[in-house]
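This report walks through one protein model, from overall dimensions to local packing. The sequence and structure come next.

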Amino acid sequence: SITKMLTAILIYQLCEEGKLSQEDTLSHFYPGLPNAGKITIAHLLSHTSGLQDYAVKEDSLLYWLYKPATETEIFNEIKRQGVAFEPGDKFRYSNTGYYLLTRIIEKEYGKPYPEVFSEKIVRSLKLGLTLSGKDTDTFIAPSYQLSTNSRWNEMEEFYFPNVIGLGDVVSTPLDLVVIVRSLFHSKLIT
């Protein structure tokens, strides 16, 4: 979920550019979603929107993370799930909030998330080993999981288009240090 930190940076950049406010409601972008008139950008950023987690469909993370789904299917699932609580009342980790923030970034910049991410963060900081999982059509690198018999087994990779902006960025520890340092030195946002 390092991707969520990077998506938040892009949202804060939009705020600093005057294109967005943390107090803007979801109804400005997606009026048909549950509680859209009450949920703010700040709620989405802080996991306090009350929206449930679209990535968990039918009690399984496997559905949206590994199988292609259209944006319409994902939005229908968000609507179907509804809200668990009123905005600001509680904290509940939700991929849905960051999915919506990603779509807002794309609307405001008029470009796909990987392009915005590359332009505003990767090229800005001259990062050599950080990219969106959707930046290329080629496979980035295999993922492995340590099994119960102490062997490394190759894992099926996420279907990145379903998780752009919330779980698609790949990086190295060194590039992540550069990103975090740039935050402390106000190079990406003030």
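## Burial and overall dimensions

Of the 190 residues of the protein, 43% count as buried (under 20% relative accessible area; exposed is over 50%, partly exposed in between; 1.4 Å probe, protein chains only). The model is predicted: local features need pLDDT of at least 70, side-chain atom pairs count only at pLDDT 80 or more, and totals for chains, interfaces and linings use all residues. Residues are numbered from 1 along each chain as its sequence is written, and side-chain values use heavy atoms, with hydrogens and water left out.

Along the principal axes, the C-alpha atoms fill a box of roughly 50 × 40 × 30 Å.

## Fold and contacts

The protein has seven helices and four strands. These are DSSP runs numbered from the N terminus (helices: H or I, at least four residues; strands: E, at least two). Their order along the sequence is α-α-α-α-α-α-β-β-β-β-α.

Residues 24 or more positions apart account for 69% of them.

## Helix 4

Helix 4 spans residues 71-81, and its buried residues are I74, F75, E77, I78 and Q81. Seen down the helix axis, they fall within an arc of 155°, so they line one face. The arc is that of the directions from the axis to the C-beta atoms. An α-helix has 3.6 residues a turn, so residues three or four places apart point the same way.

The face turned away from the buried side carries the exposed residues T72 and R80. Just after helix 4, G82 takes a positive phi of about 70°.

## Helix 5 against helix 6

Helix 5 (residues 95-109) and helix 6 (residues 113-125) pack at about 75°, with axes 9 Å apart. The two are therefore roughly perpendicular (65 to 115 degrees). T102, I105, E106 and Y109 of helix 5 meet Y113, V116 and K120 of helix 6.

## L188

L188 lies in the segment after helix 7 (173-184). L188 is buried, at 8% relative accessible area. Leaving aside neighbours within four places in sequence, its contacts include I9, Q13, K120, L125 and L183.

How values were computed
Contact = heavy atoms within 4.5 Å. Axes fitted to C-alpha atoms, helices over the stretch in contact; angles between N-to-C directions. Parallel < 35°, antiparallel > 145°, perpendicular 65-115°, else oblique.
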